[in-house]
Amino acid sequence: MILEIDVGNTFLKWRITASCGALVSSGRVGSRDAFDTLALEWVGPIETVRVGSVASDDVNSRLNALIESAGLPKPLFAAAARSAAGVLNSYSNPEAMGVDRWLAMLAAWRRVGGACCVVDCGSAITIDYLSGAGHHVGGYILPGMRLLQQALLGNTARVFVDRPVSAFDSSPGCNTSDAVTHGADFLFEAIQLRVRHSLPSGAQLLVTGGDGELFQHLMGEGEWVPDLVLDGLVLAVGE
């Protein structure tokens with residue numbers, strides 16, 4: 001079996017799959033939480049461990065220690081590269097690209113095999129474009145919903161993570177908290193409108209990340225792929 005781990009700034013997501021690709025189990029914890037209990041869930045004859053992480057060295061060291069203490073194989077950490085799986089990186093220093101963006105693009109290219117736009121709505125919102133030849137033609141990095149609210153209200157902000165579509169409200173707020181929360185929704189709505197208008201003709205839209213389902217709903221088009229980053233791991237580090 002294969003253990004795949006996506007360590008973001010907010011959450012650590014994982015899944016175990018059989019060699020045939022069938023999902024065995026999966027889960028998610030806060031990426032700053034204690035990892036001790038995870039080893040209890042990572043059971044079975046795991047032969048390969050793949051990791052994509054944008055977390056700090058401290059978090060990665062803790063994860064490495066947990067994997068070692070659980071008696072699992074040494075993890076294969078993904079990194080952005082000049083090219084992989086048919087995708088050409090636009091960065092002059094490819095390793096400077098966040099590995100989550102790179103993995104999402106690899107998986108998107110494998111999925112559609114043509115021009116596409118990849119939107120990842122997590123702690124940051126990233127928007128990346130691939131040409132019909134698999135060339136990364138550039139992208140954007142913007143603060144996500146959570147960061148926008150915390151920047152104005154501080155860590156005590158009434159911040160929603162993975163909010164349902166029904167919680168979206170971009171109407172004018174009548175108190176400071178609502179004005180900030182609705183203001184974040186207002187900007188989120190504006191971003192999806194800009195993406196809609198900038199989407200190249202014939203390009204497909206793939207959306208992932210904690211707020212991705214809401215983004216895709218507002219767009220009214222595209223495909224919501226919650227595990228897009230995990231899907232890219234095998235393309236970056238191999239079987």
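Begin by selecting Asp100, which an unreviewed UniProt entry lists under "active site"; UniProt positions follow the numbering used here, feature names are shortened, and annotations may be inferred rather than shown by experiment. The structure is a predicted model, in which local features need pLDDT of at least 70 and side-chain atom pairs count only at pLDDT 80 or more, while totals for chains, interfaces and linings use all residues. Residues are numbered from 1 along each chain as its sequence is written, and side-chain values use heavy atoms, with hydrogens and water left out.

Asp100 lies in helix H3, residues 99–112 (helices, H or I, have at least four residues and strands, E, at least two, both being DSSP runs numbered from the N terminus). Asp100 counts as partly exposed because its relative accessibility is 22% (buried is under 20%, exposed over 50%, partly exposed in between, with a 1.4 Å probe and protein chains only). Show Val54 and Val229 as well, since Asp100 touches both, not counting residues up to four places away in sequence (contact means heavy atoms within 4.5 Å).

Asp120 is buried, with a relative accessible area of 12%. Leaving aside neighbours within four places in sequence, Asp120 is in contact with Ile125, Thr126, Thr208, Gly209 and Val229.

Finally, colour helix H5 (residues 176–198) and helix H6 (residues 212–219), which pack at an angle of about 60° with their axes 10 Å apart; axes are lines fitted to C-alpha atoms, for helices over the stretch in contact, and angles run from 0 to 180 degrees between N-to-C directions. The contact is made by Phe188, Ile191, Gln192, Val195 and Arg196 of H5 and by Leu214, Phe215, Leu218 and Met219 of H6.
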